[in-house]
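Please open the model in your viewer and keep the selection panel at hand. The stops below go from a pair of strands to the sheet around them, and then to another chain.

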Amino acid sequence: MVRGSVIESLGVYIPEGRLTTKELLEGCRNKPNIDLEGITGIKERPVVGENEYVLDLSRKAVSKCFEISRYSPEDMDMVICANISRYNGPDYKANFEPSNAAILAKDFDFSNAILFDEPNACAGMFTAIYVMDSFIRAGIIRRGIIISGEYLTCLSRTAQKEISQPIDPQFASMTVGDSGAALILDGTNSKDIGFHDLDVFTIAKHCDLCIGTWSKQEHGGFVMYTDSVRIHSVAIGLTAEHVARNVKGTKWEQSSNHHYIMHQTAVRAIETTTNSINSSAGTEVCSPDNTIVNVIHRGNSASTAHFVALWDHIKNRTIRKGENILFAVQSSGINLGVAKYTLDDLPERILAIEEPGSLERVANAS
Amino acid sequence: MSVKISAIGRFEYNSGSSTSSLELIRKAARPCIERSEYSKEDIGVLINVSVYRDNYFCEPAFASFVQNDLGINHDKEDSSEPKTLSFDLLNGAMGFLNACQVVDAMIDSGRVKAGLIVSGDVIDYEMNERSEDSRFQLSGAAMILGRNGTDDSGFGMFYFRTFAELQDAYESYISFNNKRLTMMFRRSPDIERIYLDAVSRGLKEFLAKEKLNMDDFDWIIPQQISQGFISGLCELLAVDSSKVVNVAKKDSDLFNASLPCALAHLFDNDLAKKGDNALIIGVASGIQVGCTTYRF
């Protein structure tokens with residue numbers, strides 16, 4: 001039986017289109033009198049191109065993931081799709097069957113893999129990691145791929161048509177951005193790399209604080225109603241308590257030992273959460289130096305957010321080979337989780353594909 | 001030791017009035033929990049496999065509504081207390097069998113003591129136009145799995161195979177036309193034959209891999225798609241129909257409730273004796289085949 005799991009490969013796809021917060025607000029039928037950029041810190045978000053949908057985002061992320069991996073699709077024993085969004089065609093087409101994972105089995109050779117979709121709001125990819133890690137630890141599979149394509153700006157487009165109140169339940173829909181992410185989780189016997197600790201759980205009494213469904217208005221589309229004040233208040237308090245309890249007495253108590261990546265909703269929410277964690281822990285678990293803030297140019301990309309942040313900060317060389325990451329998971333549901341992780345040489349392998357020759361140039365310069 | 005079934009709950013909806021996924025699940029899950037030797041606090045994972053649910057919620061996972069409704073560790077805010085992870089597992093009619101393996105793995109890895117799987121597929125006709133019929137038999141189903149006991153009963157190895165080249169034979173989706181949502185089900189007219197062909201190929205691989213043959217089984221538990229599908233399966237496998245569990249309706253599909261309803265039929269009627277071996281065969285859109293064994 002293997003000790004645990006490690007992220008063997010990561011592929012992220014960010015669509016080329018951009019939509020600024022200013023443009024988004026100007027497109028509202030009833031322009032809200034709020035400083036959305038000031039409140040959230042989000043300047044712009046990626047948006048899908050014409051005829052680009054959830055499965056397209058997923059396919060591009062999967063292709064990138066295999067470009068970086070030493071494995072091929074037929075080496076995957078398990079395939080889990082964790083996206084919330086199911087927007088897969090014109091006229092707001094949302095597919096129910098086959099599952100996204102089964103559809104992707106036709107594009108890639110996943111025929112012999114255990115496959116299913118496992119949406120769990122913004123905690124989807126971490127829930128999938130938790131499930132897949134269980135299979136790996138139990139010796140049922142060797143490795144698998146976790147995929148998410150999040151086409152979320154369709155929520156913003158509906159919000160532009162429907163927002164009517166000064167404090168509107170669709171404001172959170174104005175913070176989202178589109179992306180695709182895929183990662184390969186592989187078994188490892190090393191105690192030095194991979195997930196050291198991993199948990200996710202649900203406090204379901206707060207299940208109604210953020211709801212995603214279909215608009216009942218004549219124009220159609222997808223909607224998300226969020227009680228932003230309550231969900232932030234509840235999630236921040238619970239996250240602070242949970243993270244503080246998890247790091248107590250470990251090296252993760254000190255911000256100098258790790259990067260901190262939490263769900264990316266808004267700059268102010270990240271700052272409030274990190275302050276609350278430090279206050280709960282009584283030590284500096286999070287500092288401006290170790291806290292990854294990726295929401296400014298990516299928006300909230302839901303289940304992919306942690307991995308888009310990881311990808312961007314590997315590419316800008318903030319996160320390097322062998323370094324530690326403290327992931328904090330928050331989502332509607334409410335789901336909470338913490339993962340303590342140590343990277344192998346994945347950052348170098350990503351840079352070797354994405355920016356060939358760059359590592360040699362850095363080495364030579366130093 | 002294998003992971004075994006602790007309790008099953010099922011609820012068949014026959015009223016003409018509308019119902020909801022949450023109601024179907026509640027009516028199946030409450031008696032299931034009452035019958036189980038595990039308490040609510042023991043349930044470390046709750047998996048909803050309903051593909052079609054109230055309001056077609058995308059977020060949060062429908063499982064969190066179920067967890068809250070059933071009061072399963074739903075208010076445990078202190079992370080040192082017993083906790084439950086709730087999520088949806090969506091894979092057509094294969095969801096329940098997939099979820100059995102997920103709970104099995106989570107128990108095996110020491111992460112949870114017991115798991116609850118629920119289904120309650122409904123088409124929300126308040127939200128969308130009627131189109132081609134879903135053909136579902138509206139049913140709620142619930143199953144608790146755990147590892148209590150010292151005998152050798154329980155699930156064996158699981159096997160899943162996808163015949164992606166047959167994918168176009170079945171699809172369902174919602175789209176927005178003429179200012180209304182429409183739920184579409186597109187099936188090949190030969191869908192049951194296509195399922196049988198896939199079962200034939202998948203089952204052959206499973207039996208060869210596990211070094212089993214059909215004579216090893218006292219019971220065959222197939223997907224409960226229709227009476228016609230089960231008759232076809234008996235012919236295909238050339239097995240005595242008395243060994244094949246048949247709780248299928250004439251023209252309606254038990255869908256995700258197939259496996260719990262068929263197993264409950266064996267348990268509730270004292271048909272399966274201790275030591276009996278069952279072959280479980282699932283088939284679903286994709287086209288996917290899933291097989292496992294269960295020792296009573």
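Begin by selecting residues 324–331 of chain A, which are strand β14, together with residues 335–342 of chain A, which are strand β15; these two pair in the antiparallel sense over eight bridges. Strands here are DSSP runs (E, at least two residues) and helices likewise (H or I, at least four), numbered from the N terminus, and two strands count as paired if DSSP finds at least two bridges between them. Within this pair, Ala328(A) stands opposite Val338(A) of β15(A).

This is a predicted model, in which local features need pLDDT of at least 70 and side-chain atom pairs count only at pLDDT 80 or more, while totals for chains, interfaces and linings use all residues. Residues are numbered from 1 along each chain as its sequence is written, and chains are lettered from A and ligands numbered from 1 in the order in which they are written.

Now widen the selection to the open sheet of four strands in chain A, whose order is β10-β15-β14-β13 and whose pairing is mixed. Its edge strands, each pairing on one side only, are β10 (194–202) and β13 (259–262) of chain A.

Next, move to chain B and colour domain 1 (4–150) and domain 2 (159–295) separately, with bounds that come from an automatic or database domain assignment. Their centres, taken over C-alpha atoms, are separated by 20 Å. The contact takes 28 residues from domain 1 of chain B and 31 residues from domain 2 of chain B, where contact requires C-beta atoms, placed from the backbone, to lie within 7 Å. On the side of domain 1 of chain B that touches domain 2 of chain B, the elements giving two or more residues are β1 (4–12), α3 (95–108), β5 (128–129) and β6 (139–146) of chain B.

Conventions
Two residues are in contact if their C-beta atoms, placed from the backbone, lie within 7 Å.
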